[in-house]
Amino acid sequence: MKLLIFGATGSIGRQLVKQALEQGYTVTAFARDPAKLDIKHANLKIAQGNVMDFTSVEEAVQGQDAVLCAIGAGRNGTIRSEGTRHIIRAMEKAGVRRLICQTTLGVGNSWGNLNFFWKYIMFGFLLRQAYADHVKQENYIKQSHLDWTIVRPGAFIDGNRTNNYRHGFPGTDKTTKLQISRADVADFMLKQLTDDLYLHKTPGLSY
């Protein structure tokens, strides 16, 4: 299977590239600055481009079987949503249907999973723009005609892939740790390529 990974030089994207190659996928890593991706592999191709430039996104999508999106912009707004809008448009135009996109725990019906700190200090103040961008990003995906899965992880932490995490818990669940390793986020996202359990769904992800 041919995979295209957006946000390939980010902390989740690197894990996606590394684990996808280990699992035998043919990977195209989309990156503004390919030099930031220090992974070499016979099944790895680099597509230089910017998600805000539709032409480069359109070229990269051609011939792919599935797309994984882990684009980020720190605290800033617009890049996640507008970049994802370009990805959706390019996929629909090319007839590539499977999209697995990472957003964040707290969006939509997962707001109830958050504690006071995440609701009012982080997303209510410090990360307000980033949170709003994720909300728009999810709305664009849900309005698309793609076979999408939106993955909503808790806060990223360092650590190995454990394959021991919770997913798909209800929005009323207050018992998760609200954090998960980047390696486990990538692990779960890649599992969606061969599992339709969360097709057109928005599973939360946390320890």
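Author: Before we start, one term: a salt bridge is a side-chain nitrogen of Lys or Arg within 4 Å of a carboxyl oxygen of Asp or Glu. This is a predicted model, where local features need pLDDT of at least 70, side-chain atom pairs count only at pLDDT 80 or more, and totals for chains, interfaces and linings use all residues. Residues are numbered from 1 along each chain as its sequence is written, and side-chain values use heavy atoms, with hydrogens and water left out.

Reader: How many salt bridges by that rule?

Author: The count is 13. In one of them, the side chains of Asp-147 and Arg-97 meet at 3.2 Å, N to O.

Reader: Where in the chain are Asp-147 and Arg-97?

Author: Asp-147 is in strand E6 (residues 147–153), and Arg-97 is in the loop between helix H3 (79–94) and strand E5 (98–102), 50 residues apart. Helices (H or I, at least four residues) and strands (E, at least two) are DSSP runs, numbered from the N terminus.

Reader: What does Glu-22 pair with?

Author: Glu-22 forms a salt bridge with Arg-161, with the closest N and O atoms 3.8 Å apart. Glu-22 sits in helix H1, and Arg-161 in the loop between strand E7 (155–157) and strand E8 (166–167), 139 residues apart.

Reader: Switching to H1: what does its length look like?

Author: H1 has 12 residues and reaches 17 Å from its first C-alpha to its last, close to the 16 Å expected at 1.5 Å a residue. That expected span is 1.5 Å times one less than the number of residues. Just after H1, Gly-24 takes a positive phi of about 90°.

Reader: Which H1 residues are buried?

Author: Ile-12, Gly-13, Leu-16, Val-17, Gln-19, Ala-20 and Leu-21.

Reader: What does Val-17 touch?

Author: Leaving out residues up to four places away in sequence, Val-17 touches Ile-5, Ala-8, Val-27, Ala-29, Ile-39 and Leu-44. Contact means heavy atoms within 4.5 Å.

Reader: And how many residues has the largest nonpolar core?

Author: It has 28, and Val-17 is one of those with the most contacts inside it. A nonpolar core is a set of buried Ala, Val, Leu, Ile, Met, Phe, Trp, Tyr and Cys residues joined through side-chain atoms within 4.5 Å.

Definitions and conventions. Buried < 20%, exposed > 50% of the residue type's maximum accessible area, 1.4 Å probe, protein only.
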